[in-house]
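Please look through the structure below before reading on. The text then goes through some of its parts in turn.

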Amino acid sequence: MPRSVQNPPNRFSSTEIDYEGEAPLAELTPIEERAKSILSENDSPDVGFRWSINPYRGCYHGCAYCYARPSHQYLGYGAGTDFDRKIVVKINAPELLREAFDRPSWTGETIAISGNTDCYQPLEAKYRLTRALLELCLAYKNPVGLITKGSVIRRDLDVLAALARTTRCRVTMSIAFASDDDARAIEPWASPPSKRFETLKMLADAGVPCGVSLAPVIPGLNDSQMPEILERAKECGASHAFIVLLRLPSEVLPVFDERLAQALPMRHAKVMNAIREMRGGRMYESDFGRRQVGRGERWKMIEQLFETHLRRLGLDRRSTAMDTSEDPPTTFERPKKQLTLF
């Protein structure tokens, strides 16, 4: 279990607190919010979908590599421990989605849930926001896709299966490590990979189209585990997979660097050097089309390894978890009578 770390400096704040010595241990702090809107429109060519919903800001899983960490600073919080433990809960998310569905302008495009932070982090067991959102999508026959590490999704197998029968519903389990111990070092409070594979099988057995995200690929740490992850995912019923190279924007880099040095000190230098090699001597490239892939011979070898095992196992390759480019026309239909949420 890695130690709690202090937050990197917040570039959106004029003041900051710098602890002397080790940062204090942090407790989980839910922060309830009545949001003004719930659907986010995306125009990035890297993500593959237009509309997304994030019922939570921040994520309890504490993954050191999470590219969403800097977004917590827009709220005045830190990208380190704050992101892991100060979780903003959009308690009116279902209400806002129903309002959006009832607007004449909504045409029923696929909605991606968890484009930023995990919709099935532990607080979902209490707030049930994701389930309420899925129930609305079912009532309106609106296509949906989601990605998660959380085992809480098992609670919602019934509504996910009903969505799969009624409209388009695709679930991607994020599994970057084959080893529970390796995952524990970098994703300390997420469900272990062994449980994620079990969840993947439960989804497939329930008739929910599902796949696996091998993201991020961390060279020198988990790239050699790709064949095992793909094989186990196929055995569990996965139909698709994709990979993304590790992204370390702004304040994510010091969080990942410190966690890796503390948890896996013998691999630290090897991993950091490999990242630079795949990023043209830098730790990160922010340009569209370059952020999620690498360069050089080593990245080509990773791509070839991935493609070889995809073909061998008969898995489809997708660019992201919610690539909607080949989706058929929408099934969206407004109910004939007013819904009640609760």
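What follows covers a helix and its surroundings, a group of aromatic rings, and a few other contacts.

The model is predicted. How many of the residues of α2 are buried? Seven of the ten are, so α2 is largely enclosed by the rest of the structure. The buried residues are Ala-93, Pro-94, Leu-96, Leu-97, Arg-98, Ala-100 and Phe-101. The cover over them includes the strands β2 (39-41), β3 (51-53), β5 (86-90) and β6 (111-113), as well as helix α4.

Apart from its neighbours within four places in sequence, Leu-97 is in contact with Ile-38, Leu-39, Ile-53, Ile-111, Leu-133, Leu-136 and Cys-137. Take Leu-136 from that list: 39 residues separate Leu-97 and Leu-136 in sequence, while their C-alpha atoms are 7.8 Å apart in space.

The next topic is aromatic rings. A pair of aromatic rings is described by two values, the distance of the centres and the angle of the planes. The count of aromatic pairs in this model is six. In one of them, Phe-101 and Tyr-140 have ring centres 5.0 Å apart and planes at 50°, and the pair is tilted. Which parts of the chain does this pair tie together? Phe-101 is buried, because its relative accessibility is 0%. Tyr-140 has a relative accessible area of 2%, so this residue is buried too.

Tyr-140 also pairs with Phe-332: the centres are 6.0 Å apart and the planes are at 10°, so this pair is stacked. Phe-332 lies in the segment after β11 (316-317), and the pair therefore ties together parts that are 192 residues apart in sequence. Phe-332 counts as buried because its relative accessibility is 16%. Ring pairs link these residues into a cluster made up of Trp-51, Phe-101, Trp-106, Tyr-140 and Phe-332.

Rings also take part in another kind of arrangement, with a charged side chain over the ring face. Arg-85 lies over the face of Tyr-60, 4.0 Å from the ring centre. Arg-247 lies over the face of Tyr-67, and here the distance to the ring centre is 4.7 Å.

Another helix with buried residues is α5, which spans residues 157-166. Its buried residues are Leu-157, Val-159, Leu-160, Ala-161, Ala-162 and Leu-163. They pack against α4, β7, β8 (169-174) and α7 (193-205).

The last part concerns two helices packed together. Such a pair is described by the angle between the axes and the distance between the axes. Helix α9 (residues 252-263) and helix α10 (residues 268-278) pack at an angle of about 150°, and their axes are 9 Å apart. Their crossing is right-handed. Which residues meet there? From α9 come Leu-253, Phe-256, Asp-257, Leu-260 and Ala-261, and from α10 come His-268, Val-271, Met-272 and Ile-275. Sorted by type, the residues of this contact are seven nonpolar, one polar and one charged.

Note on methods
Residues numbered from 1 in each chain as written. Predicted model: local features only at pLDDT ≥ 70, side-chain atom pairs only at ≥ 80, totals over all residues. Heavy atoms only, no water. Axes fitted to C-alpha atoms, helices over the stretch in contact; angles between N-to-C directions. Helix = DSSP H or I, 4+ residues; strand = E, 2+ residues; numbered from the N terminus. Left-handed = near helix turned anticlockwise from the far one by under 90°. Contact = heavy atoms within 4.5 Å. Nonpolar A, V, L, I, M, F, W, Y, C, P; charged D, E, K, R; others polar. Phe/Tyr/Trp six-rings, centres within 6.5 Å; stacked < 30°, edge-to-face > 60°. Buried < 20%, exposed > 50% of the residue type's maximum accessible area, 1.4 Å probe, protein only. Lys NZ or Arg CZ within 6 Å of the ring centre and 35° of its normal.
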